[in-house]
Protein chains: 2
Amino acid sequence: MARARVYITLKEGISDPQGKTVLRALKSLGYDEVADLRVGKYMELELDGEDKGKLESRLGEMSEKLLANPIIEDYRMEVEV
Amino acid sequence: MARARVYITLKEGISDPQGKTVLRALKSLGYDEVADLRVGKYMELELDGEDKGKLESRLGEMSEKLLANPIIEDYRMEVEV
């Protein structure tokens with residue numbers, strides 16, 4: 001059993017209204033040190049298999065096809081076998 | 001300027017319908033090696049300041065108050081000054 005993590009973020013230049021809203025809320029609470037904030041997604045997976053290279057390749061496919069939207073999002077992943 | 005990352009996940013035992021839906025979709029696409037999947041949130045912040053300890057303490061406050069819901073979510077963070 002392997003564990004994997006996928007981090008999905010909006011590409012640079014894509015506007016992030018959710019992040020802007022959270023940023024404004026933090027500033028209104030007095031957290032003026034926050035200069036910028038962007039919101040992404042994070043997924044933790046359990047995968048059957050021991051072949052790290054194969055798991056990474058399959059997880060890359062899953063990310064491209066379903067987990068992320070490659071038009072507007074970047075993703076990176078970590079696989080621990 | 002410091003960079004920080006906050007990872008927010010549902011606590012163990014809290015059901016994750018979004019994760020279950022994504023898991024089912026992956027299996028329907030033939031990714032049968034995925035045994036479990038949980039969805040969380042991921043935030044990237046830019047913070048003014050150089051004092052790592054102070055930034056971590058403030059970011060912990062922000063996470064407790066606004067970024068995460070500590071009743072049902074856990075969070076962890078990384079601060080790079």
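A polar contact is a pair of N or O atoms within 3.5 Å; within protein, one atom must be able to donate a hydrogen and the other to accept it, and residues adjacent in sequence count only if both atoms are side-chain atoms. By that rule, 20 residue pairs are in polar contact across the interface of chain B and chain A, with both residues at pLDDT 80 or more. The model is predicted: local features need pLDDT of at least 70, side-chain atom pairs count only at pLDDT 80 or more, and totals for chains, interfaces and linings use all residues. Residues are numbered from 1 along each chain as its sequence is written, chains are lettered from A and ligands numbered from 1 in the order in which they are written, and side-chain values use heavy atoms, with hydrogens and water left out.

Contact, defined as heavy atoms within 4.5 Å, links 35 residues of chain B with 35 residues of chain A. The two chains bury about 3000 Å² between them, 61% of it on carbon and sulfur atoms. Buried area here is the accessible area (1.4 Å probe) that two parts lose on being put together, summed over both. Tyr31(B), Glu33(B) and Tyr42(B) supply 22% of the area that chain B buries against chain A, more than any other three residues.

The secondary structure elements are DSSP runs numbered from the N terminus: helices are H or I with at least four residues, strands E with at least two. On the side of chain B that touches chain A, four elements each supply at least two residues: strand S1 (2–10), helix H1 (17–28), strand S2 (34–47) and helix H2 (52–67). S2(B) gives the most, with 14 residues. This side of chain B divides into 19 nonpolar, three polar and 13 charged residues. Nonpolar here means Ala, Val, Leu, Ile, Met, Phe, Trp, Tyr, Cys and Pro; Asp, Glu, Lys and Arg are charged; the others, Gly among them, are polar.

Strand pairing crosses the interface. Two strands pair if DSSP finds at least two bridges between them. S2(A), residues 34–47, and S2(B) pair in the antiparallel sense over 13 bridges. Val39(A) stands opposite Met43(B), and Tyr42(A) stands opposite Gly40(B). Within chain A, seven bridges join S1(A), residues 2–10, to S2(A), and the two strands run antiparallel. Ala2(A) has Leu47(A) as its bridge partner, and Arg5(A) has Glu44(A). S1(A) also pairs in the antiparallel sense with S3(A), residues 73–80, over eight bridges. There, Thr9(A) stands opposite Asp74(A).

Salt bridges were assigned where a side-chain nitrogen of Lys or Arg lies within 4 Å of a carboxyl oxygen of Asp or Glu. Two salt bridges cross the interface of chain B and chain A. Arg58(B) forms a salt bridge with Glu33(A), the closest N and O atoms being 2.6 Å apart. Arg58(A) and Glu33(B) also meet in a salt bridge (2.6 Å, N to O). Arg58(A) lies in helix H2 (residues 52–67) of chain A and Glu33(B) in the loop between H1 and S2 of chain B, so the pair joins two chains.

The symmetry was then examined. Copies were superposed by least squares on the C-alpha atoms of residues with pLDDT of at least 70 in both. A rotation of 180° with 0.0 Å of shift along its axis superposes chain B on chain A (RMSD 0.0 Å). That is the relation of a two-fold axis. In chain B, the C-alpha nearest the axis belongs to Lys41(B), 2.3 Å away from it. The copies meet through the same surface, because 100% of the interface residues of chain B are also interface residues in chain A.
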